[in-house]
Amino acid sequence: MRRAAIAALLVLTLLPWTRPATAQLLVAELSQREVAVTTGFSGAELLVFGTSAGEAAGPGGDVIVTLRGPNAPVVVRRKVRVAGIWLNGPSERFDAAPSFYAVASTRPVEAILPVEERRRLRIGLASLPLSPRGRIEDPTFRQALLELKQDQRLYEEDAEGVQIAADRLFHARLFLPPAVIPGLYRVEILLVRDGRVMAARDLPLTVVRAGTSAEIWHIAREEPLAYGVAAVFLAAFAGWLGSVLFRR
Amino acid sequence: MLVYLPIAEMSVDALLVVGIGLVVGLLSGLFGVGGGFLMTPLLMFIGVPSAVAVATSANQTMGASVSGLIAHWRRGNVDIKMGSVLTAGGLVGSAIGVQLFRLIRQIGQVDLVVAVFYVVVLGIVGGLMVAESARAVLRRRKQVRRRLHEHFWMHGLPLKTRFRQSRLYISVIPPLLIGFGIGLLSAVMGVGGGFVLVPAMIYLLGIPTGVVIGTSLFQVVFVTAAVTVMQAVSTQSVDIILALLLMAGAVAGAQFGAALGSRLRGEETRGLLGLLVLAVAVELAWGLLRRPEQLYTLGPAL
């Protein structure tokens, strides 16, 4: 009985100091927890905002916001010239490439965190653990993957993407282009001071197909035969309608 | 206005796509062909993945051909028996073509194979068309008459059948083979194949010009319908939204094209079409030969 009471007291007194302690140093939220890919989808802007408190607040602190999409295996191919014709030659397969990766920070991430920390936390395009599955150890494929993804705005690094007001209120805007794939995304917010992570927050974001485009996609995947037949009838109907509309 | 294409997984400007449909429809109405040979490269040019461009273009061509088929059907210009034989060959060809396409896609050479098919087929057909129409224009001046019907090895083949509406008594093997070839092209290039089928029917089979267009449309409708279903099942790359947008433009364009076409002479139209076909072939050939701006490409792992 007494032991239990002491234990309860211990838990009560320790509670604010253990797990929630770091959480209190950093409070963050997203403008939306769900992004719907509808027929009119032309990309979405996500606002990440929050505040630091206690010992984490004050001048000199940096904030890093990352947004990561689900992994999607990709193949990078290099064109080679064979008999005067350019065709796809050697290729590398990247199994663990994130489909989407964006990082925004108050300063260049290289200036905020040392390289080991960046690699451990996977912060910044240079620290993404992209290793090809093929035998060829050619870093140009990795470089090409980063560049091609950046061209599609699927990988982004914005060294001035996080704004801080009054030394504690911060916000960042991240753009999700139309090419994002649906799935579970993760937003990670890090509060850094003197090369040390003071506090971290992890927030989930779901990208879902919605509306007509979602239904079309599902039917095309799950009922391909019915989908094909429907496409044929739709085309036939459109053709018939055209011949009726323009009959003289 | 941006529209998200669910299968291509990209957003496009709806007006641009309808505009492409309109232009292709205009040309197809003008020349009496489906226009798939222009549609597929144009779609790839605006960034639609080749697989989706090919499969969707077949679907679109089918819709456009239904319009034409109905018009010819009303006038009784369709040889159903000949059309059925061509279709039978076409179905076999397209079934093999779709499997071939899937194989090529797995190897990662879709862009190359589609481009090579286009360059070879369009180069030959365009060259022949231009030469033929140049000869026709010269012949008109010289007033030399061509013999209507010539006998060659083809007429010695077995399985002879009477095609009443085409006023022909020939073996079913040549139309079956022609249908097979068109089916193959249809699956790999996403075209109806009218621009190959029509000359083949006139010059190889000797079908009277009056029933050629209607009968070729008959074959094109059924083969592109089959290609659409098979592509939907095996590569899942038919984009219904894209097809609908294209058809909206194409149906209207075809009407203007047909009105415009009635003002031009037959051989002049054919010559123009030949030049257009050649131009597309040259552009695609150039694309294969010049050094690409991006040496690396990114694709999903299949």
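This is a predicted model: local features need pLDDT of at least 70, side-chain atom pairs count only at pLDDT 80 or more; totals for chains, interfaces and linings use all residues.
Let me begin with chain A, which has seven helices and 12 strands, and in which buried residues make up 30% of the 248 residues. If we take the contacts in chain A with a separation of 6 or more, 70% of them are accounted for by residues 24 or more positions apart.

The domain assignment of chain A gives domain 1 as 24-70 + 98-209, and domain 2 as 210-248. Their C-alpha centres lie 40 Å apart, and six residues of domain 1 are in contact with six residues of domain 2. On the domain 1 side of that contact, β2 and β12 of chain A each supply at least two residues, and the residues on that side divide into three nonpolar, two polar and one charged.

Now to the contact between the chains, which takes 46 residues from chain B and 46 residues from chain A. On the chain B side, the elements giving two or more residues include the strands β1 (2-5), β2 (10-13) and β5 (296-300), together with helices such as α8 (209-234), α9 (240-261) and α10 (266-289). The element that gives the most to this side is α3 of chain B, with 10 residues. By class, the side of chain B that touches chain A has 31 nonpolar, 13 polar and two charged residues.

There is also strand pairing across the two chains: five bridges join β5 of chain A, residues 74-82, to β5 of chain B, and these strands run antiparallel. If you want a place to look, the bridge partner of A:V74 is B:P300.

Finally, a helix in chain B: α2, residues 36-45, is mostly covered, with nine of its 10 residues buried, among them B:F37, B:L38, B:M39 and B:L42. The helix is followed by B:G47, whose phi is positive, near 105°.

How values were computed: Residues are numbered from 1 along each chain as its sequence is written. Chains are lettered from A and ligands numbered from 1 in the order in which they are written. Helices (H or I, at least four residues) and strands (E, at least two) are DSSP runs, numbered from the N terminus. A residue is buried if 20 or more other C-beta atoms lie within 10 Å of its own, exposed if 12 or fewer, and partly exposed in between; C-beta atoms are placed from the backbone. Two residues are in contact if their C-beta atoms, placed from the backbone, lie within 7 Å. Ala, Val, Leu, Ile, Met, Phe, Trp, Tyr, Cys and Pro count as nonpolar, Asp, Glu, Lys and Arg as charged, and the others, Gly among them, as polar. Two strands pair if DSSP finds at least two bridges between them. Domain bounds come from an automatic or database domain assignment.
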